[in-house]
Amino acid sequence: DGSSNAHGSLFIDCRNAGDFSDWNTLIYGHNMKDGSMFGGLKKYRKQAYYDAHPEMTLFTPEKTYRMEIFAAVTTDVSAAVYRVPAAREERDELVQWAQQNSEIECDVSIGTEDRIVTLSTCTGGDDDRFVVLAVLREYRRKVDSRWMFPSPVKADRPITPGVARRRLQTILERADCKRVRFHDLRHTFATLALENGMDVKTLS
């Protein structure tokens with residue numbers, strides 16, 4: 001919006017298209033001590049943090065994307081990850097390099113046409129960098145599906161239970177509520193429904 005910020009701004013590599021159509025789009029940000037910009041990226045060095053936060057959401061004026069993280073690597077500025085692949089084969093080599101050198105284990109499938117995003121920040125050394133790589137998945141705005149809770153990215157598939165559970169925990173954390181499971185909510189609803197006069201047959 002043009003306002004001043006002492007921490008700077010996240011920015012895309014000048015070689016990249018602005019619509020994330022490249023095989024690898026590079027986004028840079030400072031490693032701020034207060035956690036702003038890309039100060040939080042270093043948390044992905046821990047497997048437990050990745051397991052709890054395997055995805056990010058990318059908002060653009062035109063589209064909304066889901067970013068499935070598949071690698072986190074400490075490297076330097078000369079690494080292949082800082083290239084913008086001109087062909088799928090180069091992207092495949094980059095993906096293989098990232099998976100082989102990743103500090104965390106990720107079970108993410110990457111399709112032949114998938115684009116990736118690399119988030120890069122400094123680590124304190126002159127040439128050292130920490131990068132988090134993710135597959136870019138476009139959310140569909142409208143889904144015609146036989147499923148009550150369809151996947152926003154996979155045709156004719158339900159949303160995975162793990163995604164639903166993580167979303168619930170995110171909502172609870174933001175609302176400063178204690179951790180509960182969907183199973184707990186089910187029993188809570190049943191108890192409240194009975195207390196308010198619902199008959200057992202209707203409830204079941």
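Me: Is Lys63 buried, partly exposed or exposed, and what is its relative accessible area?

Reply: Start with the scale. Buried means under 20% relative accessible area, exposed means over 50%, and partly exposed lies in between, with a 1.4 Å probe and protein chains only. Lys63 has a relative accessible area of 34%, so this residue is partly exposed. Two cautions on the source. This is a predicted model, where local features need pLDDT of at least 70, side-chain atom pairs count only at pLDDT 80 or more, and totals for chains, interfaces and linings use all residues. Residues are numbered from 1 along each chain as its sequence is written, and side-chain values use heavy atoms, with hydrogens and water left out.

Me: Which side chain meets Lys63 in a salt bridge?

Reply: A salt bridge is a side-chain nitrogen of Lys or Arg within 4 Å of a carboxyl oxygen of Asp or Glu. Lys63 pairs with Glu138, at 3.5 Å from N to O. Lys63 lies in the loop between E3 and E4 and Glu138 in strand E6, so the bridge ties together parts that are 75 residues apart in sequence. Helices (H or I, at least four residues) and strands (E, at least two) are DSSP runs, numbered from the N terminus. Glu138 is partly exposed, at 41%.

Me: How many salt bridges does the structure hold?

Reply: There are 12. One of them joins Glu55 to Arg66, with the closest N and O atoms 2.9 Å apart. Glu55 is in strand E3 (residues 55-59) and Arg66 in strand E4, 11 residues apart. Glu55 is partly exposed at 25%, while Arg66 is buried at 8%. Elsewhere, Asp92 bridges Arg91 at 2.5 Å between the closest N and O atoms. Here Arg91 is buried at 3%, and Asp92 is partly exposed at 34%.

Me: Which residues have the most contacts inside the largest nonpolar core?

Reply: A nonpolar core is a set of buried Ala, Val, Leu, Ile, Met, Phe, Trp, Tyr and Cys residues joined through side-chain atoms within 4.5 Å. The largest has 34 residues, and Phe70 and Leu133 have the most contacts inside it. Strands E2 (24-28), E4 (64-76), E5 (116-122) and E6 (128-138) and helix H2 (88-101) each give two or more residues to this core. Contact means heavy atoms within 4.5 Å. Leaving out residues up to four places away in sequence, Leu133 touches several residues, including Phe70, Val81, Ala98 and Ile116.

Me: How many aromatic pairs are there?

Reply: A pair of aromatic rings is described by the distance of the centres and the angle of the planes. Rings of Phe, Tyr and Trp (its six-membered ring) pair if their centres lie within 6.5 Å; planes under 30 degrees apart count as stacked, over 60 as edge-to-face and the rest as tilted. The structure holds four such pairs. Tyr44 and Tyr49 are edge-to-face, with 5.0 Å between centres and 85° between the planes. Tyr44 is buried at 5%; Tyr49 is partly exposed at 25%. Ring pairs also link Phe11, Tyr28 and Tyr82 into a cluster.

Me: Which ring does Arg115 lie over?

Reply: A charge sits over a ring if NZ of Lys or CZ of Arg is within 6 Å of the ring centre and within 35 degrees of the ring normal. Arg115 lies over the face of Trp23, at 3.9 Å from the ring centre. Arg45 lies over the face of Phe130, at 4.7 Å.
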